[in-house]
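My entries follow in the order in which I looked things up.

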Amino acid sequence: MKLKQRVVLLAILLVIFIFTKVFLIDNLDTSAANREDQRAFHRMMANLHVELDPRLDHTLQSPWEIAAQWVVPREVYPEETPELGAVMHAMTTKKIIKADVGYKGTQLKALLILEGGQKVVFKPKRYARDYVVEGEPYAGYDRHNAEVAAFHLDRILGFRRAPLVVGRFVNLRTEIKPVATEQLLGTFMTVGNNTCFYGKCYYCRETEPACADGDIMEGSVTLWLPDVWPLQKHRHPWGRTYREGKLARWEYDESYCDAVKKTSPYDSGPRLLDIIDTAIFDYLIGNADRHHYESFQDDEGASMLILLDNAKSFGNPALDERSILAPLYQCCIIRVSTWNRLNYLKNGVLKSALKTAMSHDPISPVLSDPHLDALDQRLLSILATVKQCTDQFGPDVVLVEDRMTLSHL
């Protein structure tokens with residue numbers, strides 16, 4: 001064989017060797033990642049039930065100090081949280097030392113400061129569990145139990161981007177009124193034998209107060225994020241116009257996602273994939289009201305999309321608002337880890353897991369059975385949507401590997 005032929009043959013063999021090695025390494029990495037996803041899922045399932053226990057045997061820190069240290073740019077709480085029960089117990093039992101009107105917004109809420117100086121947002125009960133909110137998917141008052149359920153769904157999906165939420169009963173007469181600011185106190189009234197308040201917000205009306213059962217009011221409390229992590233508000237690229245007869249661009253432009261991909265912070269980094277994770281999360285809970293979202297300030301698109309204000313959820317179990325999934329079916333990309341987790345939750349696992357996760361809550365049962373059934377049905381729709389994407393573009397385009405190392409140092 002001539003020298004030239006030998007060189008060509010060696011070059012071909014070298015190319016084949018390199019491609020084979022790269023292919024094998026990629027497959028091994030993918031397989032290892034998938035195995036880690038499966039292990040993470042089993043860890044989550046093993047720790048679903050959280051006992052509200054005040055004991056913190058291994059630390060001298062307060063529950064509030066522990067929770068504050070959990071927060072990092074890509075998650076609100078870590079995967080392994082042995083202190084979670086103690087923090088949530090404190091949220092539902094610690095003495096209220098101050099009560100004020102809620103931060104600005106459209107819905108009724110109160111800002112409470114608990115013993116130790118921790119802020120929490122209190123959202124009162126407005127509906128019975130089996131009440132169905134008719135009309136637009138964003139209609140009705142906030143649902144306090146939806147905040148509780150959404151937090152536990154965030155745990156189950158492995159996102160860890162929702163602040164901690166737990167149910168709480170408060171005595172408006174003995175726990176709130178003695179420590180209320182004049183502004184909040186001025187909104188209290190008595191309706192029949194029930195103590196009520198209507199607060200201060202865009203839609204708050206004296207004619208539409210939230211009323212306790214006697215003096216005892218059921219609600220949810222959401223842990224305020226540490227002040228060292230200031231929030232930045234962003235308009236959601238798939239937000240609605242909320243004006244009859246006026247569509248947002250994404251509602252009529254099939255190539256809308258291509259335009260989003262050219263716009264900061266969606267042109268690089270994890271933010272667009274966070275938007276798609278959030279669309280999946282919102283579709284499962286029936287939340288069509290995420291017109292804005294928050295991230296940590298000055299993050300240049302690197303921090304997570306924080307899953308705040310999930311109370312416009314679980315309104316109508318019979319309504320599956322497909323438009324919530326627009327980021328998914330218009331962009332046709334999804335994290336491999338999210339895809340894996342959704343598949344692990346098939347065949348009734350999601351409903352069972354969420355029911356178990358919420359069973360410890362003081363206001364349990366948190367959701368009615370029709371809402372739990374709706375979750376499993378919506379999951380099937382999400383999986384079918386991703387399959388349509390992979391059939392059209394191929395799994396190599398649709399399934400995006402995006403695993404970011406999270407540091408708690």
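**Entry 1: the model.** I noted that this is a predicted model, in which local features need pLDDT of at least 70 and side-chain atom pairs count only at pLDDT 80 or more, while totals for chains, interfaces and linings use all residues. Residues are numbered from 1 along each chain as its sequence is written, and side-chain values use heavy atoms, with hydrogens and water left out.

**Entry 2: the domains.** I looked up the division of the protein chain and found domain 1 (52-223) and domain 2 (228-400); such bounds come from an automatic or database domain assignment. Their C-alpha centres are 23 Å apart. I then asked how many residues of domain 1 are in contact with domain 2. There are 50, and they touch 50 residues of domain 2, contact being heavy atoms within 4.5 Å. The area buried between the domains is about 4000 Å², with 66% given by carbon and sulfur atoms. Of the area that domain 1 buries against domain 2, Tyr 138, Ile 156 and Arg 161 supply 18%, more than any other three residues. Buried area is the accessible area (1.4 Å probe) that two parts lose on being put together, summed over both.

**Entry 3: α4 and α11.** I took helices (H or I, at least four residues) and strands (E, at least two) as DSSP runs, numbered from the N terminus. Helix α4 (residues 144-157) packs on α11 at an angle of about 120 degrees, with the axes 9 Å apart. Axes are lines fitted to C-alpha atoms, for helices over the stretch in contact, and angles run from 0 to 180 degrees between N-to-C directions. The pair is therefore oblique; angles under 35 degrees count as roughly parallel, over 145 as roughly antiparallel, 65 to 115 as roughly perpendicular and the rest as oblique. In this contact, Ala 149, His 152, Leu 153, Arg 155 and Ile 156 of α4 meet Leu 350, Ala 353, Leu 354, Ala 357 and Met 358 of α11. I recorded eight nonpolar, one polar and one charged residues here. Ala, Val, Leu, Ile, Met, Phe, Trp, Tyr, Cys and Pro count as nonpolar, Asp, Glu, Lys and Arg as charged, and the others, Gly among them, as polar.

**Entry 4: α11 and α12.** Helix α11 (residues 349-358) also packs with helix α12 (residues 369-393), at about 140 degrees and with axes 8 Å apart. That angle makes α11 oblique to α12. Leu 350, Lys 351, Leu 354, Lys 355 and Met 358 of α11 meet α12 residues including Asp 369, Leu 372 and Asp 373.

**Entry 5: α2 and α3.** Helix α2 (residues 63-70) and helix α3 (residues 84-93) pack at about 120 degrees, their axes 9 Å apart. The contact involves Pro 63, Trp 64, Ala 67 and Trp 70 of α2 with Leu 84, Ala 86, Val 87, Ala 90 and Met 91 of α3. I found nine nonpolar, no polar and no charged residues in it.

**Entry 6: the backbone.** Most residues other than glycine have a negative phi, and most peptide bonds are trans. Where does Pro 265 lie? I placed Pro 265 in the loop between α7 (256-260) and α8 (271-285); a cis peptide bond joins Ser 264 to Pro 265, with omega about 5 degrees. The bond from Ser 364 to Pro 365 is cis, with omega near 5 degrees, and Pro 365 is in the loop between α11 and α12. Arg 160, a residue other than glycine, has a positive phi near 60 degrees and sits in the loop between α4 and β4 (165-171).
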